[in-house]
Amino acid sequence: MPDSGTLIARGRLKHQYPHSWRSKKPVIFRNTPQWFIAMDKDIAGAGDTLRSRALAAIRATRWVPATGENRIIGMVESRPDWVISRQRAWGVPITVFVREKGDGSAEILHDEQVNARIADAFEQEGADAWYAEGARERFLGSRANEDWQKVDDILDVWFDSGSTHAFVLEDPKHFPGLAGIRRKHDGGSDIVMYLEGSDQHRGWFQSSLLESCGTRGRAPFDIVVTHGFILDEAGYKMSKSLGNVIAPQDVIKQSGADILRLWACATDYWDDQRIGPEILKTTVDTYRKLRNTIRWMLGNLAHFRDEDRVAYADMPGLERYILHRLSELDEGVRKNYAEFDFKRIFATLNHFMTVDLSAFYFDIRKDALYCEPMSSVTRKACLTVIEEVFRSTVIWLAPMLCFTAEEAYLSRYGGQMSDDGGQTTDDRSPTSDIRHLTSRRPMSVHLESFPEIPPAWRDDTLARVWGDIRRVRRVVTGALEIERADKRIGSSLEAAPAIYISDPALLRTVATELAGEHGEIGMAEIAITSGATVTPGDGPAAAFRLDDVPGVAVEFRRAGGIKCARSWRIQPDVGADPDYPDVTPRDARALREWDAAHAAAG
């Protein structure tokens, strides 16, 4: 045509052609008859279609996260009829016989005897029985001389996987451990949850929904939880060709299974998650801090006796404040476990154990635990609280850090296991809200129920008081950090700061709470200094202040006196007891009590 001048114009066109995502080869299109399931054909009455059933079931299901509901509704509303046939060389066959009618339509054979022969053969030989030589005559039996044709199309694998609920949850013969499941619509209380990636709104979730709505009129699940996909540290999809795959077994081999579990629980698994060596280093560091906190509690509880328990009403305010925090945590932990929000549970528990416990409560109470006399109510109350904190946090962490929690639980309660390994009842005495340590316990932390926290532990007024005290403590700590950074002190025990509080309400709160509990050295104990004075007023202009804690100023002053050889506090009364000349009177009482106890025992 170009030579003859009859071609008006010509050009080159580049177009995209569909390729297989797996093999990267061009897709071959074939125009062949297929099997469909109608989405909008009435089933049991006008308007009762598979689509309407599915949409109603979606709205009756709980979706986690909630955005999953809108996602699958949009897909079901717009989807065409379901193509359930495939033309492949392998797979589960569509086990039907058909014959053509005169009008070109097909008639499907409905014969219970034929169906029974097919089911029996599949039970004994598997799906390959359909393709065996003579299969048509075998299954049709006396009807083999009729003009029925055996269908050799393959069943869509999504229909296959969407039918799993029928065999897993409704087949007590092959799954006896799941026998007797009764969901709400059956008059029971069992809940069925499906868990898979967010791409399964188009796949398994939807095929299961459609198959079950068509055969049972309802969804096969009560809750659907979806997760994102794992990416490398740079945010790229993991691929063998890119060499950025991190195998779970490698993480477990190097760091342990609980590190991998902690990473999974700490991430927002509803979205895509990143993982890599640097991210895992952070996870290992976080785990190490949690484990060290648990070990510290175990060490202090090693010699805690049942008779040392202190009733809640007899505890100092600080101990009651920590029990209040347990009550707050209990409410949040239960709520977030019910919502499958593991990242929030972990963040809450991690903050409590590292900030509230290690950096605050334990830091303050180390002096009482290590230096108070054995008979000290403060020391015993602290141990009572540590016991409650240990048991609660270990049980709360058990679903996430299953091995670490089990190890800690058995270390603490290994000698108190119940013979039947069953669940113990509440082990508090009728007159106390503190548990007996000698109560029998289950054989595993994973057989424990979440602890029942007494309502009396919730004290919002006390929490506000200690919130104010912690704000004042932050200012003191900030002032001491400057002195430490400038090498003027090495330890906070070298200080006896002057604290000025200009806010009358705050001054009254601090003075009332600490005077009632600790006496004159209350703020020194809270700030971990050898002394402290609390004075009304604005304080010197050069005093240390924090912008977010108005009305509080701290002036550094060095502690006066001699360093106690036992508590390391610098006090003017060191040596007041001639029998113990290098310690304070408090420490002298503790040593005298210790010596008397050993003398009586020996």
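The buried residues of helix α1 pack against β1 (36–37), β2 (62–64), α2 (67–78) and α7 (204–216), where helices (H or I, at least four residues) and strands (E, at least two) are DSSP runs numbered from the N terminus. Those buried residues are L50, R51, R53, A54, L55, A57 and I58, buried meaning under 20% relative accessible area, with exposed over 50% and partly exposed in between (1.4 Å probe, protein chains only). Because seven of the ten residues of α1 (residues 50–59) are buried, this helix is largely enclosed by the rest of the structure.

This is a predicted model, in which local features need pLDDT of at least 70 and side-chain atom pairs count only at pLDDT 80 or more, while totals for chains, interfaces and linings use all residues. Residues are numbered from 1 along each chain as its sequence is written, and side-chain values use heavy atoms, with hydrogens and water left out.

In soluble globular proteins, nonpolar side chains tend to be buried together. A nonpolar core here is a set of buried Ala, Val, Leu, Ile, Met, Phe, Trp, Tyr and Cys residues joined through side-chain atoms within 4.5 Å. The largest such core has 86 residues, of which M297, Y361, I386, F390, W466 and I499 touch the most other members. Leaving aside neighbours within four places in sequence, I386 is in contact (heavy atoms within 4.5 Å) with W296, M297, L301, Y361, F362 and L369. A second, separate core of 27 residues includes I72, V98, A219 and V224.

A search of the whole structure finds 18 aromatic pairs, counted when ring centres of Phe, Tyr and Trp (its six-membered ring) lie within 6.5 Å, and called stacked with planes under 30 degrees apart, edge-to-face over 60 and tilted for the rest. Y194 and W204 form a stacked pair, 4.4 Å centre to centre with 20 degrees between the planes. Since Y194 lies in strand β9 (residues 193–197) and W204 in helix α7, the pair ties together parts that are ten residues apart in sequence. Y194 is buried, with a relative accessible area of 6%. Y409 and Y413, by contrast, form an edge-to-face pair, at 5.2 Å centre to centre and 65 degrees between the planes. Being four residues apart in helix α14 (residues 402–413), Y409 and Y413 are separated by about one helical turn, and both are buried. Ring pairs also link W63, Y194, W204, F205 and F221 into a cluster.
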